[in-house]
Structures are given as C-alpha cells and as structure tokens.
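Here is a friendly briefing on a ligand and the pocket around it. Have the sequence and the 3D view open as you read.

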Amino acid sequence: MKPVAQLLPLNHPEHFYRGGERIAALRGGSVEEGARRPEEWIASMTPMTSRPDQGFSRLADGALLRDAIAADPDGWLGKEHVARYGASTELLVKLLDPAQRLPVHLHPDRAFARQHLGLPHGKTEAWIVLEVDEGARVRLGFAAPMRMADVRAMVDGGDSDGLMESLRTRAVRPGDAVLVPAGVPHSVDPGIFLLELQEPTDLSILLEAEGMAVDVPRDGHLGLGFDVALEALRLDPIADLDALITRPHAVDPGRLADLMPAAAGPYFRAHLSADDSGPSVAAGFAVVVGTAGSGRLVPAHGDPLPLGRGDAAVVPFAAGDWRLDGPVEAVVCRPPLPEDNRPPLAEHDRPPLPEETPEPRPEETPQRLAEEA
Ligand SMILES: O=P(O)(O)OC[C@H]1O[C@@H](O)[C@@H](O)[C@@H](O)[C@@H]1O
C-alpha cells in the first residue's frame, strides 16, 4: 500500500527541563503540574540521547514512522532524495515549550559529529517563534569574543550567571524565524513557544544547566570530555545577527512564503502557506503544522485530510503535489533539496556567519539585560 498523508499523534516524551503546557493546549492533551514535557518530536526518526528508546514518532496506525520509511523509502521520500540522503528524512521538527530557561548550550556541526562521534549529522537548527511572553528573550552567540580558557573556567566552576551574561540577548516576536548555526551557544527564556527545524540528531553540549535535572560534568559533553566537546564551540560573536533572522512578511496570494534565511538551505526548508486556496507544494516529504484556522490538505493521490490549528501532518512523496484548501495557515517543513546540499554529507559544514559587524543595539547587550533584571 502506498503511504498517504496523515495526521500524527502527539509524541511528547519526558525530558530534563520543565514545560509542555502550551504543547498540550495546541496539540490536544494535558500535562501534569510541573511536567517535564517541554518538547514534542514531530515526524521523528531520531532517538533521544538521554532515553534512546524514545523520540520516535508513530503514525496514525501505531507503526513507527522510521519502520514505515525503512520499508518504502522511495514512497515516503522520493527516489531523488533517497539517492542523495538514503532512507533518512534529514529533518527533525519539534515544538519547544520551555517553562524554565534552556541551558546555555550548543550543538556540534557535521564535521565535528563525523570526526568525534562517527555520525553524519550535526544539529544546526532554526526556531520559528509561535508565542512570546512579555519580556522573554533568546540568547544567541557570545556578546564579545571569548577565550576558551575563560569559558572553560565558567563551565568547570558551574558559573551559570557568568555564562548567561556572556551571551547576546535578543527580543523576538511571533512569526520571527531564527537560524541557529551549529557551534553557536544559546539559551531560550521560558515563555517562548517555538516550532523548530533541525538536523535529525539530539546532540547537545551543555555549558551549564542550573535548576535542571541533568548532571553537566557527567552528561554535558557527549561523552567526549569538555576538552574535546568545546572544540565545537564558536568563541566569536555572530557578526550580523539580522542575517540569521527573518521577519514575517506579506504572503503573496498563491505563493509559499519562505521563512528561512538563505544559510538554512543545506539543512532544511520552511514555508508558510496562508491564503485561502493555498499554492501547490511539489511532491516530496513534508511535515505540516497547522498554526491557525482550519481547512484541508488536498493531495494529488489519496484522500483530502482535514487540517487545522494544532494538527501535525506528515506528507509522503507518494501523495504527489498537494495544497492546502480553506482558511488554514500552516508551516510546511521540508528537508533540504537534494541538489542543495553540496558534496555527499560534506566535510565542511558551517553556514556562513556574516562578516559585517553592526554595533550591538543597546537593548541587546548583557549590561542592559542586567539592568533590567
Ligand atoms: O532547541 P535546542 O537548542 O535543541 O534546545 C533544546 C535542547 O536543549 C538541550 O539542552 C537538550 O536538552 C536537547 O535535548 C534539547 O533538544
């Protein structure tokens, strides 16, 4: 039987930090008071590092998506994709709903993952902001160039305040999309609800994790020790943060609005479909998350699928071209194009960090943050 477009049940594993109420409210379901379910892993073939039996998404019939794809990679992903990437979706989509701030952490790039872990993917990621509580910020990259010895001293000394203050802060608004290149240290305040796209791994290097149920000296370095793990860290600030952030822009009727900055191309694609009779989306694996309204996902092959705010659907290649119909807004998350990813699982892997250096805006400096606190 050919795979068909379908809605995905909630996949809401336990984690080491608190959160998850907004996920439950959006997706249907409930969480216990003080729950540690801050992430939904959507259309995931990826195991959680801390609980390797969890993370995997199930289809509507209870089968694991990863087993279904292994049984019919061409039907799910298309021949071209499979020729380039194998039977991997190349994509992990998450809802992220922290009720406590995220640790100051970073993710390795592909070159590091290959060299030290024997894995083909790092974890470059992007955040699409869904909701923001008043005053909540993201932190992204160091505010000033750092010396490794100073970072290491803060990590070894458990200096969470020092690490937090060393990062550049930034206010975000719903609709913003932020590319977070591998290597860039970051944290997210509680009260920021994100839809995330990332490479399909769970590789995090934790510099601190104050108040979280995780042991940084033991579990913060991917089992490599901090001497090696911190080689993945970018000590230089991001020169032009604006180049990594897209703002909501008018959606041309009949067109998909590209949500990602250009440097995201080798990693993933995200588009917004937001008009009444949505544009056609070319056949290919897609994860579709409804953000407003309700309507239908109409594939060339297979039955139309009712889809509205809070639904997450997976669309296989075999469904053919498709479009959204009716007053529904949704984010369409897709793997990189087969031709967009340079030589097979490239050695080099750093999305270019722009070189222009604007002065940090006063409202984004750590000093200003400290004043506000
Ligand atoms: O959005 P990112 O940066 O991945 O942050 C969320 C991540 O936080 C890290 O500390 C780890 O807990 C990861 O398992 C988790 O996925």
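**Ligand and pocket at a glance**

Glutamate 125 places a polar side-chain atom 2.6 Å from an oxygen atom of the ligand, a polar contact being a pair of N or O atoms within 3.5 Å. This is a predicted model, where local features need pLDDT of at least 70 and side-chain atom pairs count only at pLDDT 80 or more, while totals for chains, interfaces and linings use all residues. Residues are numbered from 1 along each chain as its sequence is written, and side-chain values use heavy atoms, leaving out hydrogens and water.

**Contacts with the ligand**
- Histidine 186 has a polar side-chain atom 2.7 Å from an oxygen atom of the ligand.
- For histidine 15, an N or O atom of the side chain is 2.9 Å from an oxygen atom of the ligand.
- On its own the ligand has 380 Å² of accessible area, and the protein covers 98% of it (Shrake-Rupley method, 1.4 Å probe).

**The shell around the ligand**
- There are 18 residues around the ligand (a heavy atom within 4 Å), and Lys94, Lys123, Glu125, His186 and Glu196 come nearest.
- The shell comprises seven nonpolar, five polar and six charged residues, with Gly counted as polar.
- Strands E3 and E5 (125-132) each give the shell at least two residues; strands are DSSP runs of at least two residues, numbered from the N terminus.

**The largest pocket**
- The ligand sits in the largest pocket, meaning that more than half of its atoms lie within 2 Å of the pocket's grid points.
- The volume of the largest pocket is about 630 Å³, taken as the space filled by probe spheres set on the points.
- Of its 33 lining residues, Thr49, Ser50, Asp202, Leu203 and Ser204 are closest to the centre. A pocket is an open set of points on a 1 Å grid where a 1.4 Å probe fits, with protein on both sides within 12 Å along at least five of seven lines, and lining residues have an atom within 4 Å of a point.
- Strands E3 (92-96) and E10 (192-198) each supply at least two lining residues.

Key. Helices (H or I, at least four residues) and strands (E, at least two) are DSSP runs, numbered from the N terminus. A polar contact is a pair of N or O atoms within 3.5 Å; within protein, one must be able to donate a hydrogen and the other to accept it, and residues adjacent in sequence count only if both atoms are side-chain atoms.
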